[in-house]
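Subject: Structure for your review

Dear colleague,

Please find the structure below, followed by an account of what was found in it. I would be grateful if you would read the two side by side.

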Amino acid sequence: MRFSIYRYDPESGAKPHMQDYEIEFDPSGKKVLDALIAIKEQLDESLAFRRSCREGVCGSDGLNINGVNRLACVTALEGLKEPICIRPLPRLAVIRDLIVDMGQFFQHYRAVKPYLVNLEPEPENERLQAPEERAELDGLYECILCGCCTTACPSFWWNPDKFLGPAALLQAYRFIADSRDQATDERLDYLEDPYRLFRCHGIMSCVEVCPKGLNPTAAIGRIKALLVKRAL
Amino acid sequence: MRNVGGARRGLNIWLVQRAGALVMALYLPLFGLYAWALGGAGYEAWHGLFAPLAVKVATLLFFAALLSHAWIGMREIVIDYVHCPRCLGLRLALHFSFAVLYLACLVWAADILWGLAP
């Protein structure tokens, strides 16, 4: 199998470049991550990439594979056009090879206060929710923060420092939608500016690439609906 | 200078753009139907279409919606693409120029509509 992989070593002083690899590898039933590990073991131990759970749960190995952001560990090798072109996630600074600096991404995530804010005294056991209230969180809580959606978003490319991006906005709505949360107004206040939420133009690249099949655009639409409801 | 976010004006401007879209979505098919129902071709028929005051008002509202929609669209383009550490002046100038241009277009549209000889 043939691969073309983005290489960058900041210590060497050389410019980033694409390096070709050819490896004997049976693709049946295997994922892109399997091939990357094989390349690292057999051909080039200097190749750097992140991975952990290797089953689409941890969100460490978001990569741009043949032009599309996806998780290397759940992307089947079969059906990918060769040479398989693997690059780091777009728009984020590259630390080395396929490893990007997720600092900006997590800064936006922290900015939406991704935790319950509840001023009531803590109950003895737990804060209860009706099954329907719990169902509101379906399609929101499953996000693994891999960064595939945010780095596929043109609005994030143009304003990465000010636009929160689909992942953080999905999380913002996850807590706005939570029946146990009491900070809805503060959360909406934070999002009511021209950049943080309203740079979203409904391009829906985020929906297309999400490896968990989530829909950040729909969540953003619900936040907008709540903002309108609150204003009128 | 510190890198700042934005003032709380995202919602209103976004909402105005949606409202403008709604006005256009209502006007265009209704005007199409109206023009089709009255029938006739040529300058006289076209001239007659705009004779009632209601049509003049609706058409002017349509242009107001179109131009505000376009102005907000230009603002989005400026915010998205015109970036540099010192181009606040350029951004303001673009923003202001399009406001002046579109306002002039609106006045011009009103002049055309009300200037039609009876």
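Helices (H or I, at least four residues) and strands (E, at least two) are taken as DSSP runs, numbered from the N terminus. On that basis, chain B reads α-α-α-α along the sequence, with four helices and zero strands in its secondary structure.

The model is a predicted one, in which local features need pLDDT of at least 70 and side-chain atom pairs count only at pLDDT 80 or more, while totals for chains, interfaces and linings use all residues. Residues are numbered from 1 along each chain as its sequence is written, and chains are lettered from A and ligands numbered from 1 in the order in which they are written.

Chain B

The radius of gyration of chain B, taken over C-alpha atoms, is 19 Å, well over the 13 Å that the globule rule gives for 118 residues, so chain B is more spread out than a compact globule. The globule rule is 2.2 Å times the number of residues to the power 0.38. Along the principal axes, the C-alpha atoms of chain B fill a box of roughly 60 × 25 × 20 Å. Buried residues make up 8% of the 118 residues in chain B; a residue is buried if 20 or more other C-beta atoms, placed from the backbone, lie within 10 Å of its own, exposed if 12 or fewer, and partly exposed in between.

Contact between the chains

Two residues are in contact if their C-beta atoms, placed from the backbone, lie within 7 Å. By this criterion, 13 residues of chain B are in contact with 15 residues of chain A. On the chain B side, α1 (10-38) and α3 (53-81) each supply at least two residues, and the largest share, four residues, comes from α1(B). That side of chain B has six nonpolar, four polar and three charged residues. Here Ala, Val, Leu, Ile, Met, Phe, Trp, Tyr, Cys and Pro count as nonpolar, Asp, Glu, Lys and Arg as charged, and the others, Gly among them, as polar.

Chain A

The domain assignment, which is automatic or from a database, gives domain 1 (2-100) and domain 2 (103-231) in chain A. Their centres, taken over C-alpha atoms, are separated by 29 Å. The contact takes 14 residues from domain 1 and 14 residues from domain 2; β4(A) provides the largest share of the domain 1 side, four residues.

Chain A also has an open sheet of five strands in the order β2-β1-β5-β3-β4, with mixed pairing. Its edge strands, β2 (17-22) and β4 (68-71), each pair on one side only. Two strands pair if DSSP finds at least two bridges between them; β1 (residues 2-7) and β5 (residues 84-87) pair in the parallel sense over three bridges. One of the residues involved, A:Ser4, has A:Cys85 as its bridge partner in β5(A).

Helix α5 (residues 166-176) of chain A is largely enclosed by the rest of the structure, because 11 of its 11 residues are buried. What covers these residues includes α2 (103-111), α6 (184-191), α7 (205-209) and α8 (216-231) of chain A.

Backbone points to check

A cis peptide bond joins A:Glu82 and A:Pro83, with omega about -5 degrees; A:Pro83 is in the loop between β4 and β5 of chain A. A:Arg91, although not a glycine, has a positive phi of about 75 degrees. A:Arg91 is partly exposed, with 19 other C-beta atoms within 10 Å. A:Leu145, likewise not a glycine, has a positive phi of about 55 degrees, and counts as buried with 20 C-beta neighbours inside 10 Å.

With kind regards
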